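Here are some notes on the charged side chains, for reading alongside the structure. Please look up each pair as you go.

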There are 2 protein chains.
Amino acid sequence: MAINSDLTRGVAEPIILKLLADRMMYGYEIIREVNLKSNGEFEWKEGSLYPCLHKLEAQKLIQSEWILCGSKQRKYYTITVEGMRAMEAKTEELKTFANTLAMMMA
Amino acid sequence: MAINSDLTRGVAEPIILKLLADRMMYGYEIIREVNLKSNGEFEWKEGSLYPCLHKLEAQKLIQSEWILCGSKQRKYYTITVEGMRAMEAKTEELKTFANTLAMMMA
DNA sequence: TTGACATACATAGATTGACTATGTATAATT
DNA sequence: AATTATACATAGTCAATCTATGTATGTCAA
């Protein structure tokens, strides 16, 4: 029962930043976490996530490092100070949006 | 203090259907109403609304008629039975989305 | 009365974020 | 040995919105 992707546009960035504010994660892990935590309402795919991570990194809101886990290389992302600020701003914007929308549809 | 348009994508249709469920309205009137009711958080422009109305009409969720008001022609839109059903479905989807998002950002 | 502004509809073209499909490579499982 | 899951990546497509522009009429003040 996935949500229409027109709705989810724009929420990927704040969600990623929010997750990385808790702990460092690698891309594939983020996909599983989001799909799990949303009870399947979000159905993120690699094709959506990786370009988004690259964009966030280009904006210096997150940064990456390759880490060897056992015998496997994983690209771990951490949030930057600037990213924390962006997350807070985006979270506020999301709240305003949700409240406005609730009012409009009431 | 307008909301980023990536967020508002996908909400135009349910909002329009919701408004027309109350009363018939013409395009320009819808723009003013939405911008007013949202306290300026939504800043709809003609270039966004008219194509959306045409699409909804092509889907037979709304229908239009030209009405002469004084000396001015206005294109009034009304919601169809099918449109009412679509509105209810979309409203449910919006609620699920808002709840999921609130949970993810908590 | 004329210029400025608001009303009212319309659309072509650009932008952009997400999706589809595909590719590579390794690890785990059967 | 073959299949599946993990893990990263990107080219091409799609679609909803925005920008910019156009037409026409109504209103109001200088």
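1. A residue is called buried when its relative accessible area is under 20%, exposed when that area is over 50%, and partly exposed in between. B:K95, with a relative accessible area of 48%, is therefore partly exposed. Keep in mind that this is a predicted model.

2. B:K95 forms a salt bridge with B:E92, at 3.8 Å from N to O. Both belong to helix 5 (residues 81-104) of chain B, and because they are three residues apart there, about one helical turn separates them. B:E92 is partly exposed as well, at 47%.

3. Which side chain meets B:K55 in a salt bridge? The partner is B:E13, with 2.7 Å between N and O. This pair links distant parts of the chain, since B:K55 sits in helix 4 (residues 46-58) and B:E13 in helix 2 of chain B, 42 residues apart. B:K55 is partly exposed at 45% relative accessibility, whereas B:E13 is buried at 12%.

4. A:D6 and B:R9 form a salt bridge, and their closest N and O atoms are 3.8 Å apart. The pair crosses between chains: A:D6 is in helix 1 (residues 5-8) of chain A, while B:R9 is in the loop between helix 1 (5-8) and helix 2 (12-22) of chain B. A:D6 counts as partly exposed at 31% relative accessibility, and B:R9 counts as partly exposed at 37%.

5. In chain A, a network of salt bridges links A:E13, A:K55 and A:K90. Over all chains, the count comes to nine salt bridges.

Note on methods
Residues are numbered from 1 along each chain as its sequence is written. Chains are lettered from A and ligands numbered from 1 in the order in which they are written. This is a predicted model: local features need pLDDT of at least 70, side-chain atom pairs count only at pLDDT 80 or more; totals for chains, interfaces and linings use all residues. Side-chain values use heavy atoms; hydrogens and water are left out. A salt bridge is a side-chain nitrogen of Lys or Arg within 4 Å of a carboxyl oxygen of Asp or Glu. Helices (H or I, at least four residues) and strands (E, at least two) are DSSP runs, numbered from the N terminus. Buried means under 20% relative accessible area, exposed over 50%, partly exposed in between (1.4 Å probe, protein chains only).
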